[in-house]
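Visitor: Hello! Could you help me learn how to read a pocket and the ligand inside?
Guide: Gladly. Let us look at the structure together.

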Amino acid sequence: MDWGMSNRLSRIIRPETGRTVMLAVDHGYFLGPTSGLEEPAKTIAPLVGYADCLMLTRGILRACVDPSVNVPIMLRVSGGRSILGELSDEGTTVSIRDAMRMNVSGVAMSIFVGAELERKSLLGLADLINEAEEFGIPVLAVTAVGKEMNRDARYLSLACRIAAELGAHIVKTYYCDEFEKVVKSCPVPVVIAGGKKIPEREAIDLSYNAITRGAAGVDMGRNIFQSDHPVAMIKTVREIVHKDLTPDKAWDLFNTLANEKKAKV
Ligand code: R5P
């Protein structure tokens, strides 16, 4: 692997632990001003200092993130449909040239295994990897879920493995029962999305279970920025990801941090 590629990967996944806490705030690319991200700059500012990497789109990066902030960027470069349309009909939205101009550490694209437009999305990923490889830019494949497919180990292993076979450097997927099977059969690091907002204690358990079953970290959005205590939540998730903090201890930590904040208000 060339130096540029290795250097960028080491900015995304911390070499000290081999793990990452990626903060996902790219949801607007198909959801518009979703809850918690109505004013992205306000959401991102207090959290960015605790993220190993920030996942977002070109527009939000330019408009809402101070360029002097020292955080690696995972740029979402796929899109083109909204929640009202056929989501699997995505295409590439940002050129590698522009991604490089923004000094990104990686680019991300969704694939839709099992969807009607599966082939289009997989070949789109392959094209992106071919181009990104030329400049040493890692590609994160986001395994989205086809309408008829369950989020189980069988389906997620299929989607993750195909992404890795095409050359993705990191794969993002969902947590599931027998998650270790998904990780084992995917030869590149797997990170988990948090999914829809769930109670904080459950998100803590989810993070811990994913990490102890082999995830290289989280690429988490709503369970952080939609929490009533987003800073306490991201700090807690960091401790789980980088220090294997157990769920009970993590829950105590979350409550302590949340109460400290309340006491200050
Ligand atoms: C999908 O909208 C994006 O790829 C998100 O980055 C991803 O789903 C992770 O965010 P969350 O933890 O909210 O699921």
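Visitor: Which element gives the largest share of the lining of the largest pocket?
Guide: That is α2, with 3 residues. Keep in mind that this is a predicted model. Along with α2 (28-31), the strands β7 (139-143), β8 (170-173) and β10 (217-220) each bring at least two residues to that lining.

Visitor: How does one find empty space in a protein?
Guide: The general idea is to roll a probe the size of a water molecule over the atoms, which shows where empty space is left. Here, the largest pocket holds about 920 Å³ of space. Its lining counts 37 residues, and Phe-30, Leu-87, Ala-144, Arg-151 and Tyr-174 lie nearest the centre.

Visitor: What classes of residue make up the lining of the largest pocket?
Guide: The lining divides into 14 nonpolar, 11 polar and 12 charged residues.

Visitor: Where does the ligand sit?
Guide: The ligand takes up the space of the largest pocket. Around the ligand are 14 residues, with Asp-26, His-27, Lys-172, Gly-221 and Arg-222 the closest. By class, this shell has 5 nonpolar, 4 polar and 5 charged residues.

Visitor: How much of the ligand does the protein bury?
Guide: Taken alone, the ligand exposes 360 Å², and the protein buries 95% of that.

Definitions and conventions: Residues are numbered from 1 along each chain as its sequence is written. This is a predicted model: local features need pLDDT of at least 70, side-chain atom pairs count only at pLDDT 80 or more; totals for chains, interfaces and linings use all residues. Side-chain values use heavy atoms; hydrogens and water are left out. A residue is near a molecule or strand if one of its heavy atoms lies within 4 Å of it. Accessible areas come from the Shrake-Rupley method with a 1.4 Å probe; for residues, only the protein chains shown count as cover. On a 1 Å grid over the protein atoms alone, a cavity is a set of points where a 1.4 Å probe fits but cannot get out, and a pocket is an open set with protein on both sides within 12 Å along at least five of seven lines; lining residues have an atom within 4 Å of a point. A molecule sits in a cavity or pocket if more than half of its atoms lie within 2 Å of its grid points. Ala, Val, Leu, Ile, Met, Phe, Trp, Tyr, Cys and Pro count as nonpolar, Asp, Glu, Lys and Arg as charged, and the others, Gly among them, as polar. Grid points are joined across faces, edges and corners, and a volume is the space filled by probe spheres set on the points. Helices (H or I, at least four residues) and strands (E, at least two) are DSSP runs, numbered from the N terminus.
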